[in-house]
Amino acid sequence: MLDLQQLIADFEACIGWPYVSPGSNDERGIDCSGMFVRAYRRQGARIYHGSNTIWRKYLFAKGLILSVGDLRPGMAVFKWKEKTPEKFSDDLGDFCHIGLVTGVDPLRIVHASTDGMRVRADSKLGKWQYWGVLSAVDMESGAERLPVSACLRRGSRGSDVKALQRALRDEGYELEIDGIFGYITENCVKTYQSRCGLERDGIVGPKTWAALGGEGCE
């Protein structure tokens with residue numbers, strides 16, 4: 001597992017470096033996912049160079065950013081466009097830019113930006129739309145914890161949502177298994193929660209997963 005504080009320090013050390021894509025992943029030039037490649041390498045680990053692949057393959061949990069309260073230091077954050085790049089066969093869209101949350105009070109998102117062509121730190125959410133918990137990062141090493149929103153909710157995307165949709169289909173609900181937690185999926189979750197006597201909030205947390213995963217409900 002990667003040490004959280006070392007990861008954050010490695011990103012902060014890049015502030016001011018020139019944006020170059022593809023870069024040499026050092027002070028001569030670096031791009032947004034190259035910062036993750038560099039930080040992982042410094043701890044003896046590897047990660048694919050590309051924000052879309054990082055979203056699809058290297059996250060433990062993911063979801064839509066509703067507020068700064070959804071974020072924790074060490075999380076990856078993404079900007080998103082609707083059209084999926086041709087190299088991907090899914091319909092998840094284009095996670096076109098990635099940064100790392102290095103602080104939340106105040107907010108600090110470090111990323112290699114084409115705005116100014118430098119590595120910079122954002123203090124506002126702006127166009128950052130999605131968060132992701134990196135599978136290789138020890139989020140407990142910095143006394144951090146996963147947010148409540150690490151549970152699936154409307155706006156979540158990916159393989160975990162597909163697993164949820166399959167479980168709901170097994171319970172008799174009619175919905176498409178597309179990996180997108182939209183209006184229909186949310187309504188199915190709420191109906192299932194009501195049937196199980198759970199809070200009808202549309203958020204798939206531990207109790208809802210437990211029921212879907214085998215404990216069941218009346």
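Arg 108 is partly exposed, because its relative accessibility is 33%. In these terms, buried means under 20% relative accessible area, exposed means over 50%, and partly exposed lies in between, with a 1.4 Å probe and protein chains only. The model is predicted, so local features need pLDDT of at least 70 and side-chain atom pairs count only at pLDDT 80 or more, while totals for chains, interfaces and linings use all residues. Residues are numbered from 1 along each chain as its sequence is written, and side-chain values use heavy atoms, with hydrogens and water left out.

Arg 108 forms a salt bridge with Glu 12, and their closest N and O atoms are 2.7 Å apart. A salt bridge here is a side-chain nitrogen of Lys or Arg within 4 Å of a carboxyl oxygen of Asp or Glu. This pair links distant parts of the chain, since Arg 108 belongs to strand 5 and Glu 12 to helix 1, 96 residues apart. Helices (H or I, at least four residues) and strands (E, at least two) are DSSP runs, numbered from the N terminus. Glu 12 is likewise partly exposed, at 25% relative accessibility.

An open sheet is formed by 6 strands in the order 2-7-3-4-5-6, with antiparallel pairing. Strand 2 (59-64) and strand 6 (118-122) stand at the edges with a single partner strand each, so one side of each has no neighbour in the sheet. On average, neighbouring strands of this sheet are turned by 30° against each other, direction ignored. Such angles are taken between axes, which are lines fitted to C-alpha atoms, for helices over the stretch in contact; the angles run from 0 to 180 degrees between N-to-C directions.

Two strands are said to pair if DSSP finds at least two bridges between them. Strands of a sheet pair through backbone hydrogen bonds, either parallel or antiparallel. Strand 3 (residues 76-81) is joined to strand 4 in the antiparallel sense over 5 bridges, and Phe 78 stands opposite Ile 98 in strand 4. The bridge partner of Phe 78 in strand 7 is Tyr 130. Strand 3 and strand 7 (residues 130-134) pair in the antiparallel sense over 3 bridges, and Ala 76 has Gly 132 of strand 7 as its bridge partner.

Two helices pack on this sheet. Helix 1 (residues 4-12) touches strand 4 (94-104), strand 5 (107-113) and strand 7, and its direction makes about 110° with that of strand 4. Contact means heavy atoms within 4.5 Å. Helix 2 (residues 32-41) touches strand 3, strand 4, strand 5, strand 6 and strand 7, and its direction makes about 55° with that of strand 4. Helix 2 is mostly covered, with 9 of its 10 residues buried; among them are Cys 32, Met 35, Phe 36 and Tyr 40.

Asp 31 lies in the loop between helix 1 and helix 2. Asp 31 is buried yet has no salt bridge, and the nearest side chain of opposite charge, that of Arg 41, is 10 Å away. A polar atom of the Asp 31 side chain lies 2.8 Å from the backbone nitrogen of Gly 34. Leaving aside residues up to four places away in sequence, Asp 31 touches Tyr 19, Val 20, Ser 21, Pro 22, His 49 and Ala 112.

The structure holds 8 salt bridges. One of them joins the side chains of Arg 120 and Asp 122 (3.0 Å, N to O). Arg 120 is partly exposed, with a relative accessible area of 30%, whereas Asp 122 is buried, at 11%. The side chains of Glu 171 and Arg 195 also meet in a salt bridge (2.9 Å, N to O). That pair links distant parts of the chain: Glu 171 is in the loop between helix 4 (159-170) and helix 5 (183-196), and Arg 195 is in helix 5, 24 residues apart. Glu 171 is partly exposed, with a relative accessible area of 28%, and Arg 195 is partly exposed, at 38%. Salt bridges that share partners join Asp 115, Arg 120 and Asp 122 into one network.

Helix 5 also contains Gln 193. Gln 193 counts as buried, because its relative accessibility is 1%. Not counting residues up to four places away in sequence, the contacts of Gln 193 include Leu 198, Asp 201, Ile 203 and Thr 208.

Methods. Lys and Arg count as positive and Asp and Glu as negative; His and the chain ends are not counted. A polar contact is a pair of N or O atoms within 3.5 Å; within protein, one must be able to donate a hydrogen and the other to accept it, and residues adjacent in sequence count only if both atoms are side-chain atoms.
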